[in-house]
Amino acid sequence: MFGSIWGYFYTSFLRYWLKWFIRQVTGKCELQRICAGYKPGAPRTMKAEYSLKNSKCKVLRAAVEVEEDSLEKCLDLIMREKNVKTQRDPTFKMNLKLCLLQITGYRNLFTSVEELRKETFDSDKVEHEEMLLKLWDLLMPEVKLESRVTKQWGDIGFQGDDPKTDFRGMGMLGLTNLVFFSENYTEKARQVLSHANHPKLGYSYAIVGINLTEMAYSLLKSGALKPHFYNTVSGRPQLQHLHQLYCYLVYKFDKFWVEEEPESIMEFNHYREKFHDNIKIQLLDPAVALTDSPRST
């Protein structure tokens, strides 16, 4: 209760006057101090994002949603609003521009991911079918599918004879992630599949992969991935960056599962949540960069 009252008092009253006082002493606005005083990446961009979102100035609040073609105009408006002269602070505009590219890029990334997630797998679409068959060929190059609908799909971890039913929750995002990992890290994907088919420590490779897609999606939606992307992408994060993050999750989860040695697949939810909690703890570090992925093949 006290924390909520203090938070409201600070953001509504105290923060404004504190910023005003520091500007009188330093001659620089809060954004200038952030851009000059924090390292590039999450430390700087997270501070700038908080400052912009909580500003009483409409121009600054609107900056977190600016489109790329309006970015220069937005920066000029901010500099005019805060009376920042390029001659006195020549690096401010470029530093703030990088922050805005990351902030707005994260928002646009989620929009793209959401569209892909909502796209339902459609057997009548040639590109969807080709992607599914490509997944099989990448993982099982020496085994030919007997038919499009077959129990063989269980060999790579699907639940039914027709994989399309397993993509309902994550749509084409789930399939795209599976194919991206298998295509870019083929040797490692086959190794993970062999672990998944272990007689004692096995798990459903494809189903777990789709589950990890949901994990990546939920972390993105909550904003938990901001520190990771702000530290690893200098500019706007793209879909491929989320796919790369997915590869990290698959790679790390497989190692985690093997090391934990669960009694059976019935304990999957417990270990899934334990792994999820470990990732969320890592993401609390402002210097986080989840980039320890397998080598490309």
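User: How many cavities of 30 Å³ or more does a search of the whole structure find?

Analyst: In this predicted model, the search of the whole structure turns up 1 cavity of 30 Å³ or more. The space inside the largest cavity comes to about 40 Å³.

User: What makes a space a cavity and not a pocket?

Analyst: A cavity is a set of points where a 1.4 Å probe fits but cannot get out, whereas a pocket is an open set. The residues that line the largest cavity here are Val 192, Tyr 203, Tyr 205, Val 208, Gly 209, Leu 212, Val 250, Phe 253 and Asp 254.

User: Which helices each supply at least two residues of that lining, and which gives the most?

Analyst: Happy to sort that out. Helices α10 (205–222) and α12 (239–260) each supply at least two, and α10 gives the most, with 4 residues.

User: How does the lining divide into nonpolar, polar and charged residues?

Analyst: The lining holds 7 nonpolar residues, 1 polar and 1 charged. Gly counts as polar and Asp as charged by the rule used, and the lining includes Gly 209 and Asp 254.

User: Good. On to salt bridges: how many are there, and why is the pair Lys 53 and Glu 49 called one?

Analyst: The count comes to 15 salt bridges. For Lys 53 and Glu 49, the closest N and O atoms are 3.4 Å apart, and the rule asks for a side-chain nitrogen of Lys or Arg within 4 Å of a carboxyl oxygen of Asp or Glu, so the pair qualifies. Both belong to helix α3 (residues 42–53), where being 4 residues apart puts about one helical turn between them.

User: Why is Glu 49 called buried but Lys 53 partly exposed?

Analyst: Glu 49 has a relative accessible area of 7%, and buried means under 20%, so Glu 49 is buried. Lys 53 has 45%, which falls between the 20% and 50% cut-offs, so Lys 53 is partly exposed.

User: What makes the salt bridge of Arg 236 and Glu 68 a link between parts apart in sequence?

Analyst: Their side chains meet at 3.4 Å, N to O. Arg 236 sits in the loop between α11 (226–232) and α12, and Glu 68 in the loop between α4 (58–62) and α5, so the pair ties together parts that are 168 residues apart in sequence. Arg 236 is buried, with a relative accessible area of 14%.

User: Which residues are linked in a network of salt bridges?

Analyst: Glu 72, Asp 76, Lys 93 and Lys 97 are linked in such a network.

User: Now α5: how do you know that its buried residues line one face of the helix?

Analyst: The buried residues of α5 are Leu 71, Cys 74, Leu 75, Ile 78 and Met 79. Seen down the axis of α5, they fall within an arc of 135 degrees, so they line one face. The face turned away from that buried side carries the exposed residues Lys 73 and Arg 80. The cover over the buried residues includes α2 (30–37), α4 and α6.

User: What makes the phi of Asn 83 and of Glu 261 worth a look?

Analyst: Most residues other than glycine have a negative phi. Asn 83, in the loop between α5 (71–81) and α6 (92–118), has a positive phi near 55 degrees. Glu 261, in the loop between α12 and α13 (268–282), has a positive phi of about 50 degrees.

User: Why is Glu 261 called exposed?

Analyst: Its relative accessibility is 52%, and exposed means over 50%, so Glu 261 counts as exposed.

Terms used
Residues are numbered from 1 along each chain as its sequence is written. This is a predicted model: local features need pLDDT of at least 70, side-chain atom pairs count only at pLDDT 80 or more; totals for chains, interfaces and linings use all residues. Side-chain values use heavy atoms; hydrogens and water are left out. On a 1 Å grid over the protein atoms alone, a cavity is a set of points where a 1.4 Å probe fits but cannot get out, and a pocket is an open set with protein on both sides within 12 Å along at least five of seven lines; lining residues have an atom within 4 Å of a point. Grid points are joined across faces, edges and corners, and a volume is the space filled by probe spheres set on the points. Buried means under 20% relative accessible area, exposed over 50%, partly exposed in between (1.4 Å probe, protein chains only). The arc is that of the directions from the helix axis to the C-beta atoms. Contact means heavy atoms within 4.5 Å.
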